[in-house]
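Hi,

Here is the structure I promised to pass on. Have a look at it first, and then read my notes below.

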Amino acid sequence: MAENVADNVLVMENITKVYPNGFVANKNVNFSVRKGEIHALVGENGAGKSTLMKVLFGIETPDSGRILLNGKEVQIHNPSSAIKYGIGMVHQHFMLAPSLTVAENMVMGIEPKNMFLFDFAKAVQMTEDVAKKYNFDIDPKAHVKDLPVGQKQKVEILKALMRGAQILILDEPTAVLTPQETTELFVQLKELKKQGHTIIFISHKLREIKEICDRITILRDGRSVGEADVKELSEQDISNSMVGRNVVLDIQKTEAHPAENILSVRELSAVNKFGKTILNNVSFDVRRGEIFGIAGVEGNGQSELAEILTGLRPYFNGSVKIKGVEIQNLSIRKIRELKTSHVPEDRMTFGIAGDVSIKENLISDRFYKKEYNHSGLQKAKMINEEADRNIKEYLVKCDGREQPIRMLSGGNIQKVVVAREFSSNPDFILVDQPTRGIDVGATEFVRKQIVKLRDQGSAIVLISADLNEVMELSDSLIVMYEGEIVAYFPDTKNITEKEMGEYMLGIKKMSPEEIGDVIHEK
Amino acid sequence: MKNKQSYSSKTIENRFEIFRVIVAIGISLLVALLLIMFASKQPLNALKWFLAGPIMTMRNFGNVLELFIPLTFGGLSIAVMFQCNQFNMAAEGSFFLGGLGAAMIAVGVKMPSVIHAVVALLAGALFGVVLCLIPAILKVKWKANEVVSSLMLNYIALFFGSYILQYMLMDPDAGYIASHSFPKSARLAVIIPKTGVHMGIFIAIVMVVLTYLFLYRTKWGYAIRITGQNENFAKYSGIGVGSTIILSQIAGGALAGMGGATQVLGMYTRFSWVSLPGYGFDGIIISILAKNNPKFIPLAAFFLAYLRVGADIMSRRSDVAPEVVSIIQAIIVVLIAGKMFLDTYKHKMIVKNSQRQVKEEA
């Protein structure tokens, strides 16, 4: 290490951070980055990546440890001082004002003034200058809300660069991108590297890390377990040291044997509250024993479709039948009583009540049923036993069934949600972004459970923005673009990522006959 | 926490909550004592009556228990509604109408004893339910903010009650605005001689147990708590959020109404309330002190009753006004409701504990 110290543009030493709930996110973590490299920071969810970066960017204050920039110790108390030190961060969720133009977003906080008034022309000029310098293609006068995700991300990156960022933190930048956009991003990152910028790249996608990163730091359980040249490690090596054991990276499943129709969607259309069409004439069938994937760039109607299929959005045109029962006017409880379940996209908002115990979070869909109550009182013993069983079976890491669920890590919270929704043996289940933001170990587990559920005879709809996941886990899949089905693949084996990308971006569309094959019962 | 062993974070949080309540009470008492020292010419005398007055005679202690009864009902009523995240202030009006309803049955119909009292109590509960239901339904149907509608509604309840009292129940021979006197069959008997402590204390304690069971051991209580914690989650799980919100306010209204009925039938011989009794609002303080948990409501109610009676005795025996209690209440509420109070200390405790855990692991 010692001989390299001079090259290290950034060194974080013995960082320890304890959260108010007692969770130790970083335990004496050491992290160093050399000038002009792309440095991958990987680890399972809850391993401490985000915390470490929040400490670096001044969002969190460490309880011990120090930060050295170019060999000098610095105190970073808040994001603005981080920016002053030349550290920029692109968050996973964009921090942009959608109704403003690109140029206005770019200069936010450093607005050029013309006497006392905002100088829009100057802002446009500044944006064009920085875009040209880094060879980014962007329209400064476009409104952010009209931009595709990839462009929004560019705005975020340029924003940091305009403020003089030398070290750029990218938090899972490719999670929301199509393959084409990812390729474009990587070209740009290489350009930045050439110009001497240092990039910290947080990702769960090992393939991308192999492709673009120079060195890697792996965190596990709040500790740093190693630093290496990416070249020296295989994907398998990386994931093993992330999890601390052997992980099965590929999804293992047998051939699907679809049986009868469980879900039939016909001519489904819906508008949002502003009157904009978000689903347009969508029809498909899902059969028992198959995993039916819905792919697409986020915001093309998948979330709304999920809400309709689970009863959260009661107003729509067309018909949705589950086992032949029209759900248009059914309450969510009635829909659930058709033996359906739902792993929601936003688990913290819909999937749990944070302050309530794990035990009570596990029975929210069934607590009212006869078998859980006896002469007016809940059957405490039975509920306890069931909770213990689920915690054990779904490998939930916790202090016990009475622990408030908010104290668990993201992956373990998702396991509780999955335990509740899967243990009711549903005939139909909608799994929405099942592995978003959870670690490799939990991801592997959740995927296995989905396949197991399929083999037990459930009809499964899988919505995922993770292209790899939706292609490998699904038996058949559709691609959605602007509220319509633009492609149907009865078999997912022979699809290439490139092909998928073209459909996702709306460049290509299948013929109505090809798409019509998704209806099995004419 | 000197011992080396580490705890789960939950244990620390629980302990810390208790500690925080104690510190808040301690600080507020200390401020009150300082104020008394300043305000009084004989501070020690005033303090003596304030702190020890309530237990110096049986009669005084009786006063504490008398006050304990309506405060417990008020606290329970608010706790049930707060657990569902509904800030329905109509508990105050329900308390008032509950008293009125009980008086109407007591004066208006003839029945054998015990049954008469029971029917009057139930009538009081029913009156309470009707009032609390109004903001609940407005909220569920039209998303009208229940805080605003219920506060306004309290005045409607008051003047409606005054109208009934003056045009239907009033005894012209009473010499003041009051109903005809209650027959013995409807009254709640005094159980401790030479005090006013009546059967209502048993009713209150039974209601504490029932409310606890309702909230923590039944499916309805479960639905109320889940809805209160996260409405989206409740909805997603298939819980009827609207009906649950209404249910919590039916339960809250019934408790407040029954509290009013108990108070009127236990403490008075005639119904003569011409202003709101205030026990519903006191219920807010009590519920906050008890963390909305029925288990702790009696403790909080007793504490507040003790302070009130102490302050009252002090004002009669010394030169300090009873309003000191309001200061104590205000400080306690601010310190307990202020979530960040002692937060740094808590964080330090947790950091230390976690570091111990890390060491144990290593």
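Start with α5(B), which has a kink of about 30° at B:L133, shortly before the proline B:P135. Bear in mind throughout that this is a predicted model. The helix covers residues 115-142 of chain B, 28 residues in total. From first C-alpha to last, α5 of chain B reaches 40 Å, close to the 40 Å expected at 1.5 Å a residue. Just after α5(B) comes B:K143, with a positive phi of about 55°.

Staying in chain B, look at how α7 (residues 200-217) packs with α10 (residues 241-267): the angle is about 170° and the axes are 10 Å apart. An angle over 145° counts as roughly antiparallel, and α7(B) and α10(B) are therefore roughly antiparallel to each other. On the α7(B) side, the residues that meet α10(B) are B:G200, B:I203, B:M207, B:T211 and B:F214. Their counterparts in α10(B) are B:A251, B:L255, B:T262 and B:G266. By type, the residues of this contact are five nonpolar, four polar and no charged.

Now over to chain A, where four strands make an open, antiparallel sheet in the order β14-β13-β16-β17. Its edge strands, β14 (277-287) and β17 (325-326) of chain A, each pair on one side only. β17(A) is joined to β16(A) (residues 317-322) by two bridges, and A:K321 has A:E326 in β17(A) as its bridge partner. Helix α9(A), residues 302-309, packs on the sheet and touches β13, β14 and β16 of chain A. The direction of α9(A) makes about 60° with that of β14(A).

Cheers

Terms used:
Residues are numbered from 1 along each chain as its sequence is written. Chains are lettered from A and ligands numbered from 1 in the order in which they are written. This is a predicted model: local features need pLDDT of at least 70, side-chain atom pairs count only at pLDDT 80 or more; totals for chains, interfaces and linings use all residues. The expected span of a helix is 1.5 Å times one less than its number of residues. The bend at a residue is the angle between axes fitted to the seven residues ending there and the seven starting there. Two strands pair if DSSP finds at least two bridges between them. Two residues are in contact if their C-beta atoms, placed from the backbone, lie within 7 Å. Axes are lines fitted to C-alpha atoms, for helices over the stretch in contact, and angles run from 0 to 180 degrees between N-to-C directions. Angles under 35 degrees count as roughly parallel, over 145 as roughly antiparallel, 65 to 115 as roughly perpendicular and the rest as oblique. Ala, Val, Leu, Ile, Met, Phe, Trp, Tyr, Cys and Pro count as nonpolar, Asp, Glu, Lys and Arg as charged, and the others, Gly among them, as polar.
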